[in-house]
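Here's a quick briefing to read with the model open.

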Amino acid sequence: MSHDHDHDHSELSDIELRVRALETLLTDKGYIDPPALDELIETYETKVGPKNGAKVVARAWSDPDYHARLMEDATSAIAELGFTGRQGEHMVAVENSAAVHNMVVCTLCSCYPWTVLGLPPVWYKSAPYRSRAVRDPRGVLAEFGVTLPDETEVKVWDSTAEVRYLVLPLRPAGTERWSEEKLAELVTRDSMIGTGLANSPFHQGSTA
Amino acid sequence: MNGAQDLGGQMGFGPIELEENEPNFHAGWEERAFAVTLAMGATGSWTIDASRFARESLPPAIYLSSSYYEIWARGLEKLVVENGLITSEELAAGTKLSDPKPVNRVLKAEDVASTLAKGGPADRDVKQPARFKVGDRVRTRRMNPEHHTRLPRYARDTVGTIETVHGVHVFPDANAHGKGEQPTWLYGVAFKGTDIWGPDSDPKLSLRIDLWEPYLDLA
């Protein structure tokens, strides 16, 4: 990044100047309170992220009753773990199996289950992903290094309403006696979007 | 509207750019654009649907060449001017030139956690019976409205099956334009990939799209 340090205004990009001006104006007019902005940023930098979703998945893998509640009413099952609110008001969990692989996209904007996954990565909001996920999900998956058997059905969920989808990935083999805490470490962000699989305990997988 | 945002099925955008250990924000201004957008949303001056319309009605060349937080910032500039919170002269000058317009609330730091935890549920009381039930075959309308809509172009005039009845939700097509929430039934509709993309497409692909009742008719 070339603009990490303090520079003259002349070296700031157009968008940096515009955002700065907008924030200043809105603050001067009393519509926003700068400490609240810092708190918003801090919340999504430190408190809300894919670790939340990983806890949900690990619990569902470990506890059949919780799994049943999650599939029946994901919003309340996720709330049991303390994750509620903005961009997670209406949650649905969709479960992968040997026969079906689920993948989530928002072709119209950037709808994403913030309460369990945090803020979406740039690629999720980008034209290449949004355009292709609904038409060629296997091609998309290949770019993520995931190849599914030809006979596997791919279900793509286009998040057009306020319903938000969490993919429940397949539990990796060889984890039968694992604790929830240890299982959660295998659950990647992408595995909960459906562009990845949960990491295998036998080799290093993706960190995303 | 058939804007640049309606990307499903478009071609030629190239490979997906992946970044290992991607940060939430790639520059300081992105953090501010994000937080200012959320804080202004909390003033209650417009709906989430109106904010989506503000972004999707950016000129296509700008929408497609802007990063996502730039789209948010440009959308917010439109919203604050359209809603009379700041004037275009103030925006151009970068200086306050007039008194503020009253807003419903100003988000304070101590209220951030509770505000986020509460969110903004979109479901509403049921006041009319649902027109469709699970298993019904429905056809999406052929329509090309200039207003906000959440029926993507790629799924118009296509037959699918009602798979889920979500309940009654705020109708974005109305709510984006100051016409009230007009809550209506929302359905999860299943489509075969081949019904959308044609007989040469992946026979093992299916899609699920959440669609409001006014988008649908019995097939």
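In what sense do strand 2 and strand 3 of chain A pair, and over how many bridges? Strand 2 of chain A and strand 3 (residues 153-158) run in the parallel sense, with six bridges between them; strands count as paired if DSSP finds at least two bridges. This is a predicted model, where local features need pLDDT of at least 70, side-chain atom pairs count only at pLDDT 80 or more, and totals for chains, interfaces and linings use all residues. Residues are numbered from 1 along each chain as its sequence is written, while chains are lettered from A and ligands numbered from 1 in the order in which they are written.

**Chain A overall**

- Chain A has eleven helices and four strands, where helices (H or I, at least four residues) and strands (E, at least two) are DSSP runs numbered from the N terminus.
- The C-alpha trace of chain A spans about 55 × 35 × 35 Å along its principal axes.
- Of the 208 residues in chain A, 50% are buried; buried takes 20 or more other C-beta atoms within 10 Å of a residue's own, exposed takes 12 or fewer, partly exposed is in between, and C-beta atoms are placed from the backbone.
- Take the contacts in chain A between residues at least 6 apart in sequence: 66% join residues at least 24 apart. A contact here has C-beta atoms, placed from the backbone, within 7 Å.

**Strands of chain A**

- Strand 2 (residues 100-105) of chain A has five of its six residues buried, so the rest of the structure largely encloses it.
- A:Met103 has A:Val156 as its bridge partner in strand 3 of chain A.
- Strand 4 (residues 163-168) of chain A is largely enclosed too, because six of its six residues are buried.
- In a regular strand, side chains alternate between the two faces of the sheet. In strand 4 of chain A both faces are covered, with A:Val163, A:Tyr165 and A:Val167 buried on one side and A:Arg164, A:Leu166 and A:Leu168 buried on the other.
- Strand 1 (residues 90-95) of chain A pairs with strand 4 of chain A in the parallel sense over six bridges, and A:Met91 sits opposite A:Arg164.

**A helix pair in chain A**

- Helix 3 (residues 50-62) and helix 4 (residues 64-72) of chain A have axes that come within 5 Å and cross at roughly 125°. Axes are lines fitted to C-alpha atoms, for helices over the stretch in contact, with angles from 0 to 180 degrees between N-to-C directions.
- A:Val56, A:Arg59 and A:Ala60 of helix 3 make the contact with A:Tyr66, A:His67 and A:Leu70 of helix 4.

**Where the chains meet**

- Chain A puts 68 residues in contact with 74 residues of chain B.
- Helix 1 of chain B gives the largest share of the side of chain B that touches chain A, at ten residues.
- Helix 1 (residues 28-41) of chain B is mostly covered, with 13 of its 14 residues buried.
- Strand 3 of chain A also pairs with strand 5 of chain B, in the parallel sense over five bridges; A:Val154 stands opposite B:Leu205 there.
- A:Ser126 lies in the loop between helix 7 (122-125) and helix 8 (127-132) of chain A, and leaving aside neighbours within four places in sequence, A:Ser126 is in contact with B:Ile16 and B:Glu17.
- A:Ser126 counts as partly exposed because it has 19 C-beta neighbours inside 10 Å.

Definitions and conventions: Two residues are in contact if their C-beta atoms, placed from the backbone, lie within 7 Å. The expected span of a helix is 1.5 Å times one less than its number of residues.
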